[in-house]
Amino acid sequence: MITIRCETGDDVQVDTDTLIGAKLTRLNLHRALLDGQILREADLSDTDLRSAWLEGTNFERANLTRVSLAAASASHASFVGADLREAMMRSGGFEKADFTGANLRDAKVGGAVFVGAILDGADLRCEGLEKAKLEGARADSRTLWPEGFEPERHGVLVHR
């Protein structure tokens, strides 16, 4: 049994020995304290992680479809190969996070901060990317953009 602490006081107990590969769907983890945790390959689909503390957290290959990461603090987190389709990421802080190969198709990212993030090979055909902060983010020729989006105009460093 693992207890996930939340600043709301509504701690959540999950019946698992590890968060790696854990099934954590549809949970209310609003303001959860998960800095530095390893949630690699976990299923967090439809989970509420609004205003959660996720700095340095490992979400590699995790299922984060339709998750709410609004106003979450996830700098230096790893989302390598993660599925973030239809995620709510507005106003989230993802500074220097790694989104290599991540799928953000139809995610809502307006107001999110991706300063210095790694976006190599990510599918960024999402909503509100033109309103996100992308200065110093890195992308490559495999990165997918919304139609008409010019990454360099938004401060993205595209290496080919």
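**Group meeting: a walk through one predicted chain**

A salt bridge here is a side-chain nitrogen of Lys or Arg within 4 Å of a carboxyl oxygen of Asp or Glu. Asp140 is buried, at a relative accessible area of 9%, whereas Arg142 is exposed, at 52%. Buried means under 20% relative accessible area, exposed means over 50%, and partly exposed lies in between, with a 1.4 Å probe and protein chains only.

Before going on, some ground rules. This is a predicted model, in which local features need pLDDT of at least 70 and side-chain atom pairs count only at pLDDT 80 or more, while totals for chains, interfaces and linings use all residues. Residues are numbered from 1 along each chain as its sequence is written, and side-chain values use heavy atoms, with hydrogens and water left out.

Now the chain as a whole. Its secondary structure comes to 0 helices and 4 strands, in the order β-β-β-β from the N terminus. Helices (H or I, at least four residues) and strands (E, at least two) are DSSP runs, numbered from the N terminus. The radius of gyration is 15 Å, close to the 15 Å that the globule rule gives for 160 residues, so the chain is as compact as a globular protein of that length. That radius is taken over C-alpha atoms, and the rule is 2.2 Å times the number of residues to the power 0.38. Along its principal axes, the C-alpha trace spans about 45 × 25 × 20 Å. Of the 160 residues, 49% count as buried. Of the contacts between residues at least 6 apart in sequence, 5% join residues at least 24 apart; contact means heavy atoms within 4.5 Å.

Back to the charged pairs. How many salt bridges does the rule give? The count comes to 9. One of them joins the side chains of Arg61 and Glu41, at 2.8 Å from N to O. Both residues sit in the loop between β2 (12-14) and β3 (138-140), 20 residues apart. Arg61 is partly exposed at 46%, and Glu41 is partly exposed at 42%. Another salt bridge joins Asp46 and Arg66, with the closest N and O atoms 2.8 Å apart. Asp46 and Arg66 are also in the loop between β2 and β3, 20 residues apart. Asp46 is partly exposed, with 26% relative accessibility, and Arg66 is partly exposed, with 41%.

Is Asp120 buried or exposed? Asp120 is buried, with a relative accessible area of 7%, and lies in the loop between β2 and β3. Its side chain makes a polar contact of 2.6 Å with the side chain of Arg138. The side chain of Asp120 also reaches the backbone nitrogen of Asp140 at 3.4 Å, which takes us back to the opening pair. A polar contact is a pair of N or O atoms within 3.5 Å; within protein, one must be able to donate a hydrogen and the other to accept it, and residues adjacent in sequence count only if both atoms are side-chain atoms.

Ser73, in the loop between β2 and β3, is buried at 18%. A polar contact of 2.8 Å joins the side chains of Ser73 and Glu55. Leu19 is in the loop between β2 and β3 as well, and is buried at 6%. Beyond four places in sequence, the contacts of Leu19 include Ile2, Ile4 and Val14.

Next, the nonpolar core, a set of buried Ala, Val, Leu, Ile, Met, Phe, Trp, Tyr and Cys residues joined through side-chain atoms within 4.5 Å. The largest has 53 residues, and among the members touching the most others are Leu69, Phe79 and Met89. β1 (2-4) and β2 each supply at least two residues of this core. Leaving out residues up to four places away in sequence, Met89 touches Leu84, Phe94, Phe99 and Phe114, among others.

Last, the cysteines. Cys6 is buried at 6%, and Cys126 is buried at 9%. The structure holds 0 disulfides, a disulfide being a pair of cysteine sulfur atoms within 2.5 Å.
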